[in-house]
Amino acid sequence: MTDAQTDVHVASEGNRTADGSTLVEALKTTARLVPRQLNDEVELAKLELGDKKSRLGGIAVFAGTALVFLVLLVIALTVAGIAGLATVMPLWLSALLVSAGLLVVIGICALVAYKKSKALLPIIPEHAWRGIRHDLGIARHGRDFDPGTLDAPVLTRAEKKARDAQAAEDKARAAAERVAKEAEHGPQASTSELIKRTEARRAHLLDLREELVEEADVKKQAGYFLDTAKNKAMDKVNRFTGGTASQATALVKERWKPLAVLAGSGTLCIVLLRKLIKK
């Protein structure tokens with residue numbers, strides 16, 4: 001049986017404790033299954049996104065082909081414009097005029113794009129982000145927090161190179177750890193396996209929810225805790241007394257038994273003597 005099957009098919013008898021309560025065990029099982037369910041849902045989403053990405057690749061091929069033909073169309077129209085102007089002026093002059101016109105259009109568009117992009121920088125709202133970081137710093141350090149740490153330090157070229165090298169090293173280490181972790185967990189499950197696994201675990205979680213609702217009944221749990229407290233109290237009493245009460249009772253019975261027999265025999269003798277005297 002695989003880990004997924006063992007995870008999903010948990011026997012209900014194993015969850016039941018010696019005193020008959022399953023609330024704690026059901027909560028533990030639910031807490032163990034919910035993260036695994038979420039992980040499988042994330043893996044399923046990744047697989048679906050990978051499938052859609054492969055389909056988008058085909059769409060990108062056709063879109064790229066259309067873009068290429070659009071560029072060729074623009075080139076053809078440009079050549080046609082040059083040829084049209086060549087009927088009234090030399091060919092080189094018409095080509096130069098068309099090129100100059102295209103250069104002016106490109107320059108205007110690039111300048112407008114630069115102005116608009118510069119006006120948007122930085123993309124993250126600077127004051128709001130600084131305020132959030134300031135609030136978090138105060139929440140962590142109180143009055144000892146230094147707002148000057150929120151400003152990015154001015155780095156030299158060597159420090160920037162060292163920072164970039166450290167970032168590249170951290171990225172390579174994280175990638176190696178991710179590869180090692182994937183190799184440790186074995187081959188990745190397929191889409192169909194993830195769907196079956198999540199459906200089975202979802203059904204199990206539904207059973208656990210119903211069990212939790214049933215076990216969470218106030219009267220039932222109150223009775224359970226009262227019985228548990230009573231049993232613990234009796235165990236403590238027996239532990240401290242060491243069984244002396246039962247021994248004392250047995251001793252009293254053993255000593256008073258002959259006396260009771262003697263008293264009964266005396267009473268019987270007195271009754272017989274009274275009958276003989278009356279005769």
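Mentor: A contact means heavy atoms within 4.5 Å. The model is predicted, so local features need pLDDT of at least 70 and side-chain atom pairs count only at pLDDT 80 or more, while totals for chains, interfaces and linings use all residues. Residues are numbered from 1 along each chain as its sequence is written, and side-chain values use heavy atoms, with hydrogens and water left out.

Trainee: Among contacts between residues at least 6 apart in sequence, what percentage join residues at least 24 apart?

Mentor: Start with the elements, which are DSSP runs numbered from the N terminus: helices (H or I, at least four residues) and strands (E, at least two). Here there are nine helices and zero strands. Among contacts between residues at least 6 apart, the part joining residues at least 24 apart is 64%.

Trainee: Is Gln37 buried or exposed?

Mentor: Gln37 sits in helix 3 (residues 23-85), and beyond four places in sequence it touches Thr198, Arg201, Arg202 and Leu205. Its relative accessibility is 8%, so Gln37 counts as buried.

Trainee: Which residue's backbone oxygen does the Gln37 side chain reach?

Mentor: That's a polar contact: a pair of N or O atoms within 3.5 Å, where within protein one must be able to donate a hydrogen and the other to accept it, and residues adjacent in sequence count only if both atoms are side-chain atoms. At 3.2 Å, the backbone oxygen reached by Gln37 belongs to Thr198.

Trainee: How far is the Thr78 side chain from the backbone oxygen of Val74?

Mentor: Thr78 is also placed in helix 3, and its contacts beyond four places in sequence are Val98 and Leu102. From a polar atom of its side chain to the backbone oxygen of Val74 is 2.7 Å.

Trainee: Is Leu91 buried or exposed?

Mentor: Leu91 lies in helix 4. Setting aside neighbours within four places, it contacts Ile82 and Ala86. Its relative accessible area is 55%, so Leu91 is exposed.

Trainee: How far apart are the end C-alpha atoms of helix 5?

Mentor: The expected span is 1.5 Å times one less than the number of residues. Helix 5 (residues 126-141) has 16 residues and should span 22 Å, which agrees with the distance between its end C-alpha atoms, 22 Å.

Trainee: Which element has the lowest mean pLDDT?

Mentor: pLDDT is the predictor's confidence in each residue, from 0 to 100; the protein averages 76, with 72% of residues at 70 or more. Over residues 8-20 the pLDDT is below 50. Helix 4 (residues 91-120) has the highest mean, 88, while the lowest, 44, belongs to helix 2.

Key
Buried < 20%, exposed > 50% of the residue type's maximum accessible area, 1.4 Å probe, protein only.
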